Amino acid sequence: MERSLFRYIWKHTWRDQLWLLAVTIASFPLVYVNLEVPKRIVNDAIGGKHLPQSLFGFEITQVGYLMVLSFALLALITINGAIKYWLNVYRGIVGERMVRRMRYQLYGALMRFPLPHFRRTSPGEIIPMVTAETDPIGGFIGESIASPAFQAGLLLTYMTFIFMQNFWLGLAAIALYPPQAWLIPKLQRKINKLAKRRIQTTREFSDRIGDVVGGATEIRANNAARFELADASARLGTIYAIRVDIYKRKFFVKFLNNFLAQVTPFFFYAIGGYFAIQGQLSVGALVAVVAAYKDIIDPWKELLKWYETKEDVRVKYEQIVSQFEPEGMLPESMVAEAPHPLPRLDAPLVAQNVGYDGEGAAVVEPFSVEVRPGERVAIVGAGECGKGEVAQVLARLVMPTSGRLAAGGLSLSDAPLALVGTRIGFACRNAHVFSGTLMHNLLYGLKHRPVKEAHYDGAAAAEEAQRRREAQQSGNSTDDVNATWVDVATAGVADAEAHALDVLRVLKMDGELLAFGLASRGGDPDSKLAALALEARARLRDKVRSPELATLVELFDRERYFENASVAENLLFGTPTDPAFAPERLATNAEVRKLLVDTGLAADLEQAGIRVARLMVELFADEPPDSPLFAEYSFISPEDLGDVRNLLRRLDERGRALSADERTMMLALPLKIVATRHRLDFPEAAMRGRIVEARKEFQRRFADRGAVAFLDPDGFSPALSIRDNILFGRPVYEQARAQERLTELVREVALEVGMEMPLIRRGLEFDVGPSGGRLAYQQRQRLALARAMVKNPDILVLDEPTSGLDPALERDVIQRVLEWAGPRTVVWVLGQPALAQYFARVLVFERGRLVEDGPFDALAGGGKCLPGLLA
């Protein structure tokens, strides 16, 4: 990006700026005429002087002349307003295109940052620069040239008009502008310095916030909240002091401008009034001059405001540009689109005197190795020996600071990212997992370029064409994100999904995919998957009739009360789709309360609530607020226990009726009771039957509302997970391992009816959450390893991608990956040196130096360093 703000603006918007400038200049004669017409109205039409006898060949009276001039003034006002509207909209469009261009360029620059830069720069600093800090720059770009030209033109037009009326009044109008033009830039320079400090301190505070969020557990574990608050207070105090200083100086400049603007009319009234008395100036001209000067104030203020904004934006622009040009940034030629098809890297991987000295990383002294095609090489070492840095260098994720890295005769040191990113697979222990589905993450390594355009019809096609035009005008990529991006040809496979599943099976993740599929919700009740789920439900019902399984589950039955569900869940008999019908909100739902009153349950449930409240107060009176028993068994929170105790005391002493809020509180308590879990002898048998009858009335009243997806014994419910659709019941609370055994049973019947592949496909659509937060650490590690394998690279470089797995699974996965690799070259950094026994060759690093290189058996038996690592 250009270092100079105005060079950047002119480079990308010079056509737009010239067009805006041309329209601006063309509007000035209209502005002048707009000033002249009111003078003619006062002096000629109203004053009766210089009245024309005819206009456009028609005789005209004084009133007619007044009307013509008045409508002419109205037309001029409308035209000038329309021009201003067009200029404002067009300036806005230019500004928005430029802020889009700038953000895109900054985003693109991030792709070329050296990886060590991300270790010393937090997202809290980078994100605001790309988002919030570019906003004012975009707003300024649209008006950077045309706006000052417009305001200066208005100012010149008004000044010309005033000079045309009287020379001395013209001098009076401009007398105080030179002092302002000299003083304001001096004051603004100090404000600019303070603005730079404000931006820097705000970024530092943003960085600190990110640090606190990331270290929330440590802050709480070490009781350091008070220290962190003191640190935040000091930083906020610094920002406050800077901002107050800026405000004082900024508003002093405004005060000075306003004062000088208000002083000028003194000269008009004194000098202009004198000339009017002397008959050297008409009253109409004096009125027009005073009106023109009032109009002058606005463009002058706008020019001063433009100057202040320009300086503020210039500072922000220069700060952003400086932050997005770090040392070691990859040249743009490396990220340019590479030729297709890409060459293979099936030649020896050669490192000749390759060294690395990255900031914040271990130093790797120059070493030389040659890895033959298809060779299995393990890299081991203790502590910060540089093995991780070696992996990044061999994968060409970081540039070596010395030596030459090549694959056969092809130099990798200057190879395009498209080549190394396609032909070299890389995974590490803390690899990032992107938000989205499992499939998106698995196929991420194949999304290099669009291979098939999306098809659009009608309005969608026109919208897509407009999107492409705007993207092109803003200097953005015109690629369609909705196109087909998965390039199966590059991976040498025909079916991306089948290929991804094969890789997941190698990593023993197919069982987890099945579990994700069973946990998924939604789907068409008429689909084949739904039909298979109902078939599996029928098989499960047959199986649980056996004595050993019958006690594990309570199956749903519309005519029975469920012992293992709460009173509220029994009443609902379904999954709420309206939050107002959630089990915890039924007591506050007016419609549900009316139903309970109509069915005669409300009063009995309220009395049961009072009994439950007494029991809770008695049982938990001596328990500390942080006791786990509250969460496990109490229906009343520790914070509310005192209020409930006081309520019960008032009821005992006065025998008064409950208020509406108190009745709601008491009603909510028994709705939470699960008979088999809480063992409170509630509801009794008669009450259970009444609740089942109330359930039927509930369905009659709300069936057409869509507020609850009611359970259907003969149908598939999209509101339930596939697992719950098959089970169609609840595990019995008092049965040990009931949940685990039922999960196995559900999986068993699902496989029996042929649901494996449909469930696995659903599992591939599992949403992993932000940064893979819904996955366990070992699942994220294997997903990252699968991502590297799915693209079928020629060279696989791995940096402890299985370190989070249990030892048995890690050994199994390593052996399975090595078997899968076939003719591919594999370089694997190991956290456990003993695992090197599965590799043909071992490289041992110590303090950044390659100290041993040879077969595992030879080094383990006669080496100097490896035996110590194995001990």
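## Exercises on salt bridges and a helix pair

**Exercise 1.** Classify R705 by its relative accessibility.

*Solution.* Start with the value: R705 has 42% relative accessibility. Next, apply the cut-offs: buried is under 20%, exposed is over 50%, and partly exposed lies in between. R705 therefore counts as partly exposed. Keep in mind here and below that the model is predicted.

**Exercise 2.** State the accessibility class of each residue in the R560 and E554 salt bridge.

*Solution.* First, the distance: the side chains of R560 and E554 meet at 3.8 Å, N to O. The cut-off is 4 Å. Then take each side in turn. R560 is partly exposed, at 39%. E554 is buried, at 9% relative accessibility.

**Exercise 3.** Which residue forms a salt bridge with R372, and is that partner, E375, buried or exposed?

*Solution.* R372 pairs with E375. Their closest N and O atoms are 3.3 Å apart. For E375, the relative accessibility is 9%. Under 20% means buried, so E375 counts as buried.

**Exercise 4.** Describe how helix α20 packs on helix α31.

*Solution.* Begin with the geometry. Helix α20 spans residues 528-543 and helix α31 spans residues 738-752. Their axes are 9 Å apart, at an angle of about 130°. The crossing of α20 past α31 is right-handed.

Now list the contact residues. From α20 come A536, R539, L540 and K543. From α31 come L745, V746, E748, V749, A750 and E752. Sorted by class, the contact of α20 with α31 holds six nonpolar, four charged and no polar residues.

**Exercise 5.** Which residues join R539 and K543 in a network of salt bridges, and how many salt bridges does the count give?

*Solution.* The network links R539 and K543 with E535, E748 and E752. R539 and K543 are among the α20 contact residues, and E748 and E752 among those of α31. The count comes to 48 salt bridges.

Methods: Residues numbered from 1 in each chain as written. Predicted model: local features only at pLDDT ≥ 70, side-chain atom pairs only at ≥ 80, totals over all residues. Heavy atoms only, no water. Axes fitted to C-alpha atoms, helices over the stretch in contact; angles between N-to-C directions. Helix = DSSP H or I, 4+ residues; strand = E, 2+ residues; numbered from the N terminus. Left-handed = near helix turned anticlockwise from the far one by under 90°. Contact = heavy atoms within 4.5 Å. Nonpolar A, V, L, I, M, F, W, Y, C, P; charged D, E, K, R; others polar. Buried < 20%, exposed > 50% of the residue type's maximum accessible area, 1.4 Å probe, protein only.
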